[in-house]
Amino acid sequence: MKYSCALHVEHEEPKNEHGEDAYTVFKLIQPINLYLNFEPNISIQTLAVLWNDRIDTRIIAMIEKGLIQGLLSPVILLREAEGTLHILYNGLLNYCTQSRFENAWREIARDAWEDEWTADFILDSQTYSAQAGDSAFRSCVNEIVCCHGLGLREFRGDRLHHHNRWQPDRLKEPERLDKSCTQVKPPVDFNALTTNCRSRIHAAFAPTQSCHLP
């Protein structure tokens, strides 16, 4: 399923046998670092949405808004439950950046379509806390983070999907065609072929001479 032109779907986990714990992992190119400043070297950000009972596209709209405002880079995972947007984020933010980040995301959550959500901020080091998110959040978050490597990663050439494949020493020379296949054959003389066929047909059906014994 395509959610946004800015987000690449890396993985989609369906609901379990109890109809819970469905989540989607997204990847995007991120030019903003953890301190909400432009970075000369871009990064790849991997984040997840742990859905409630259904896919709520309002969360996708919030991700897009955070990306446009330059506030998405610290986000690791999002989860909405009972009108609260739980935001798992990177704990390396300094005080000033964290204050700016939290105030902005409170406004984003408050502006949910046809609703008004509150924002709950959870440090990535506090996922084991009994107060972190709701029960579904606490039961799934650590596995999702570990399995999919959520967060920011430097975008380097050796991490490209086809980096090794396109190395010059790995490129194979095109196979040469067999010379016998490339020889030009003389054109067929259809007039001569037709004449020859007609002669054979006449010879096959010509009446035979009877032999008389003396």
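I took buried to mean under 20% relative accessible area, exposed over 50%, and partly exposed in between. The model is a predicted one, and I kept that in mind throughout.

**Helix H1**

With that cut-off I listed the buried residues of H1, which are Arg58, Ile59, Ile60, Ala61, Met62, Ile63 and Gly66. I then looked up what these buried residues pack against, and found E2, E3, E4, E5 and H2. I also checked the length of H1: at 1.5 Å a residue its twelve residues should span 16 Å, and the end C-alpha atoms are 17 Å apart, which agrees. After H1 comes Gly70, whose phi is positive, near 75°.

**Nonpolar cores**

Which residues touch the most other members of the largest nonpolar core? I noted Ile63, Val75, Leu85, Ile87, Phe101 and Trp105, in a core that has 29 residues. At least two residues of this core come from each of strand E2 (23-32), strand E3 (38-50), helix H1 (57-68), strand E4 (75-81), strand E5 (84-89) and helix H2 (95-110). H2 gives the most, with five residues. I found a second, separate core as well, made of 14 residues that include Ala48, Leu77, Leu88 and Val141.

For Ile87 I wrote out the contacts, not counting residues up to four places away in sequence: Val75, Leu77, Leu78, Phe101, Trp105, Ala119, Asp120, Phe121 and Ile122.

Is E5 enclosed or open to the outside? I counted six of its six residues as buried, so E5 is largely enclosed by the rest of the structure. In a regular strand the side chains alternate between the two faces of the sheet. In E5 I saw Thr84, His86 and Leu88 pointing one way and Leu85, Ile87 and Tyr89 the other way, and all of them are buried.

Turning to pairing, I found that E4 and E5 run in the antiparallel sense over six bridges, with Leu88 of E5 as the bridge partner of Leu77. E5 also pairs with strand E6 (residues 118-123), here in the parallel sense and over six bridges, and in that pairing Thr84 stands opposite Thr118.

I went back to Thr84, which lies in strand E5. Thr84 counts as buried because its relative accessibility is 18%, which falls under the 20% limit. Leaving aside neighbours within four places in sequence, I found Thr84 in contact with Arg79, Thr118 and Asp120.

Leu36 has a phi near 65° and is found in the loop between E2 and E3. Glu82 has a positive phi of about 55° and sits in the loop between E4 and E5, two strands that form a hairpin with two residues between them. Are these residues buried or exposed? Leu36 is buried, with a relative accessible area of 6%, whereas Glu82 is exposed, with 79%.

**Salt bridges**

Side chains of opposite charge can pair when their charged atoms come close. How many salt bridges does the structure hold? I noted seven.

The side chains of Arg58 and Asp56 meet in one of them, at 2.9 Å from N to O, and both residues are buried. I found this pair again in a network of salt bridges that links Arg54, Asp56, Arg58 and Asp115.

Lys65 and Asp111 also meet through their side chains, at 3.1 Å from N to O. Since Lys65 lies in helix H1 and Asp111 in the loop between H2 and E6, the pair ties together parts that are 46 residues apart in sequence. I recorded Lys65 as partly exposed at 30% relative accessible area, and Asp111 as partly exposed at 47%.

Arg110 forms a salt bridge with Glu107, the closest N and O atoms being 2.5 Å apart. Both lie in helix H2, three residues apart, about one turn of the helix, and I noted Arg110 as partly exposed, with a relative accessible area of 37%.

Definitions and conventions:
Residues numbered from 1 in each chain as written. Predicted model: local features only at pLDDT ≥ 70, side-chain atom pairs only at ≥ 80, totals over all residues. Heavy atoms only, no water. Core = buried A, V, L, I, M, F, W, Y, C linked by side-chain atoms within 4.5 Å. Buried < 20%, exposed > 50% of the residue type's maximum accessible area, 1.4 Å probe, protein only. Helix = DSSP H or I, 4+ residues; strand = E, 2+ residues; numbered from the N terminus. Contact = heavy atoms within 4.5 Å. Expected span 1.5 Å × (residues − 1). Pairing = 2+ DSSP bridges. Salt bridge = Lys/Arg side-chain N within 4 Å of Asp/Glu carboxyl O.
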